[in-house]
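I opened this model to look up a few features. My notes follow in the order I took them.

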Amino acid sequence: MAEEKNMTKELKEKLFISSKPAVCTVAEDELAEADKFCEAYKEFLDNSPVEREAVEYSLKIAKENGFEEFEADKKYNAGDRIYYINRGKAIALAVIGKNGTKNGVRLSIAHIDSPRVDLKPNPLYEDNNLAYFKTHYYGGIKKYQWTVMPLALHGTVVKLDGTKVDITVGVDENEPCFCITDLLPHLAREQAQKKMAQAIDGENLNVLIGSRPLRTDDEEGELVKLNVMKILNEKYGIVESDFLSAELCLVPAQKTRDVGFDRSLIGGYGHDDKVCAYPALMAAVNTEIPEATCITYLTDKEETGSDGNTGMQSDFLRYFIYDLAKADGEEGYRVLSKSKCLSADVNAAFDPIYASAYEAKNASYINAGVIISKYTGHGGKYDTSDASAEYMGEIRSMLEKNGIIWQVGELGKVDIGGGGTIAKYVANMNVDVVDLGVAVLSMHAPFEIISKLDVYEAYRAFYAFYNNM
Ligand code: MN
Ligand code: MN
């Protein structure tokens, strides 16, 4: 009897997908490597709340590692490292391969914009002796999550004379922060009856920025607003109309932190998608002389549909690849047609508290390694590129060959909702592409949670894709 049972067990091991949690099978030293890798990731996350800052910080890392600014029409050699910045909001890092662009390029594309609350073009007002900014949220947020928490202001103002002023307030604990208030529970009987999506009105996401009027004997109104504007003028030399030519964003003021007694998790703002951007960036940095030219592209505007000239629907990356192709004497479209891409984006981690939203057999899990998502989209596979069996097979072999811990992941139950990534825009360029990324708990919340092991496995996957596929 016992022997027969063992045979069944053996057969199961041979034929079934392993049900053992990946984290149990990882060597101690790999976990230690993961923890170490994540210390630098936490720095990256804290320095990259909005896309412009993510570009600057990535550029700093790139320059420290020998990347030089791209020059069109220059002939590059194997091992050359170049960066190319799109309007300060997206950055491409290329490592030239032995074969250059001849057999296509390897692309890893992540996005560095995250859901947040932007200021309106005419934001400043005063109401009952309190000063506020009016806002317009950016990306898919649950509005109630962004109230009653410390917010920091990040962004850029362009003055009438063309000079640019960068503004960052609220990151340092000694600086002031800002806050969107909410109604006290005692008076919220009516609000509590509303549907969650309607409980906080978009037009009520106004952020409190001051309460002291300018000291004066004049009988004038709007003195709190005037006082705020005076402070801003003294500090940044701006006037109210300068808000019109500005990109100012409110993001959570809190710093990235370890989560859990075992410190296995990281909580922070903007894991979606910096948790893929950083590993893809480090894969480029640590790649020396690959076979094919490798390009890590950190793009903008994914959270609002990839539109605009800094989003993935723009021709920026296509033109960059055409330029590299031209320098090699190749046709750009032929290079694209032979290229392969990892669309580096997050997926929803299975959350046992909300288990009914997921389909357990095809959900992705915390600590189960990097996720391949064959498709995203919604309903009957709308709005997605569905990676081919052949390409899935290639990526799967690459992960296995390199001993990378990986899993598959669908976003959630088929009929319950959905979401997309940049993969479909890459596919439109006639490039093979599949989504590969990290599982996130509380995705799009001001404090998202990921696993340290998963971040490290993502890095190993991008590195293997460039160097050992
Ligand atoms: Mn994303
Ligand atoms: Mn997102």
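How are the donor residues of the manganese ion (ligand 1) spaced in sequence? I read the spacing as H-x160-D-x72-D.

**Ground rules.** I am working with a predicted model, where local features need pLDDT of at least 70, side-chain atom pairs count only at pLDDT 80 or more, and totals for chains, interfaces and linings use all residues. Residues are numbered from 1 along each chain as its sequence is written, chains are lettered from A and ligands numbered from 1 in the order written, and side-chain values use heavy atoms, with hydrogens and water left out.

**Metal site.** I listed the protein donors of the manganese ion (ligand 1): His111 (NE2), Asp272 (OD), Asp345 (OD) and Asp345 (OD), at 2.1 to 2.7 Å. Donors here are N, O and S atoms within 2.8 Å of the metal (3.2 Å for Na, K and Ca); water is not among the atoms, so sites may look incomplete. The manganese ion (ligand 2) is 3.4 Å from the manganese ion (ligand 1), and aspartate 272 coordinates both. Histidine 111 sits in strand β4 (residues 106–111) and aspartate 345 in the loop between β14 (340–343) and β15 (347–348), so the pair ties together parts that are 234 residues apart in sequence. Helices (H or I, at least four residues) and strands (E, at least two) are DSSP runs, numbered from the N terminus. I found histidine 111 and aspartate 345 buried. Buried means under 20% relative accessible area, exposed over 50%, partly exposed in between (1.4 Å probe, protein chains only).

**Around aspartate 272.** I noted a cis peptide bond between aspartate 272 and aspartate 273, with omega about 15 degrees. Aspartate 273 belongs to helix α8 (residues 271–285). The side chain of aspartate 272 also makes a polar contact of 2.9 Å with the side chain of histidine 444. A polar contact is a pair of N or O atoms within 3.5 Å; within protein, one must be able to donate a hydrogen and the other to accept it, and residues adjacent in sequence count only if both atoms are side-chain atoms.

**Histidine 444.** Is histidine 444 buried or exposed? It is buried, at a relative accessible area of 19%. I placed histidine 444 in the loop between β21 (439–440) and β22. Its side chain reaches the backbone oxygen of glycine 140 at 2.8 Å.

**Valine 148.** Phi is near 40 degrees, a positive value in a residue other than glycine. Valine 148 lies in the loop between β6 (130–138) and β7 (151–158). It is exposed, with a relative accessible area of 55%.

**Helix α9.** I checked α9 (residues 316–327): twelve residues, 17 Å from first C-alpha to last, close to the 16 Å expected at 1.5 Å a residue. The expected span is 1.5 Å times one less than the number of residues. Its buried residues are Phe316, Leu317, Phe320, Ile321, Leu324 and Ala325. An α-helix has 3.6 residues a turn, so residues three or four places apart point the same way. Glycine 329 follows α9 with a positive phi near 75 degrees.

**Sheet.** I traced an open three-strand sheet, order β11-β12-β22, paired antiparallel. Strands pair if DSSP finds at least two bridges between them. β11 (257–259) and β22 (448–451) are at the edges, each with a single partner strand, so one side of each has no neighbour in the sheet. Four bridges join β12 (residues 265–268) to β22. Glycine 268 has glutamate 448 as its bridge partner in β22.
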